[in-house]
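Below is a short briefing on one protein chain. Look at the order of its elements before reading the points.

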Amino acid sequence: MLSSLQNPLIKQIRKLHQAKQRRSQQLFLLEGTHLLEQACLAYWPIDTVCYTLAWGQKQPNLLGQLHQQATHVEQVSSEVLQAIATTVQPDGVVATAISRQSHLASLAFTNLGLVLETLQDPGNLGSLIRTAAAASAEGLLLSAGS
């Protein structure tokens, strides 16, 4: 169990409170059970999970899944979890996940592209496709929820 705020892993996670560090490390924080459940469902690449003993006892199934999916899983003291969390009252788990921005950088769009997230109305999609074509957009990306 990690109980020192001076641990190099804990220091690295605490740096992620700053946007500059999130960009340079290409990681971001996930805080709370619900976000981790959603990340697992989406097969999002999870780097490190820090959890308290109490949380692990309440969430044994999710903890087991995180042991399989995450690169590192560490039990931490409540004080350490409080220090790495950005929420006022964390529920016992904080994780770092790998940013997928690097995948978007490899797309072949050089001028104009259109990215749509959770678009529900097919009529709106048709209008956006026609607009993108009229503007000579090179590509169109839709999120999984579209």
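From the N terminus on, the elements of the protein chain run α-α-β-α-β-α-α-β-α-β-α-β-α-β, where helices (H or I, at least four residues) and strands (E, at least two) are DSSP runs numbered from the N terminus. The radius of gyration is 19 Å, well over the 15 Å that the globule rule gives for 146 residues, so the chain is more spread out than a compact globule. That radius is taken over C-alpha atoms, and the rule is 2.2 Å times the number of residues to the power 0.38.

This is a predicted model: local features need pLDDT of at least 70, side-chain atom pairs count only at pLDDT 80 or more, and totals for chains, interfaces and linings use all residues. Residues are numbered from 1 along each chain as its sequence is written, and side-chain values use heavy atoms, with hydrogens and water left out.

**Whole chain**
- The secondary structure comes to eight helices and six strands.
- The C-alpha atoms fill a box of roughly 60 × 30 × 30 Å, taken along the principal axes.
- Of the 146 residues, 33% count as buried (under 20% relative accessible area, 1.4 Å probe, protein chains only).

**Helix α1**
- Helix α1 spans residues 8-15, and Leu 9, Ile 10 and Ile 13 are buried in it.
- Seen down the axis of α1, these buried residues fall within an arc of 95°, so they line one face of the helix; the arc is that of the directions from the helix axis to the C-beta atoms.
- The cover over the buried residues of α1 includes β1 (27-31), β2 (46-51), β3 (72-75), α6 (78-84) and β4 (93-98), counted by contact (heavy atoms within 4.5 Å).

Note on methods
Buried means under 20% relative accessible area, exposed over 50%, partly exposed in between (1.4 Å probe, protein chains only).
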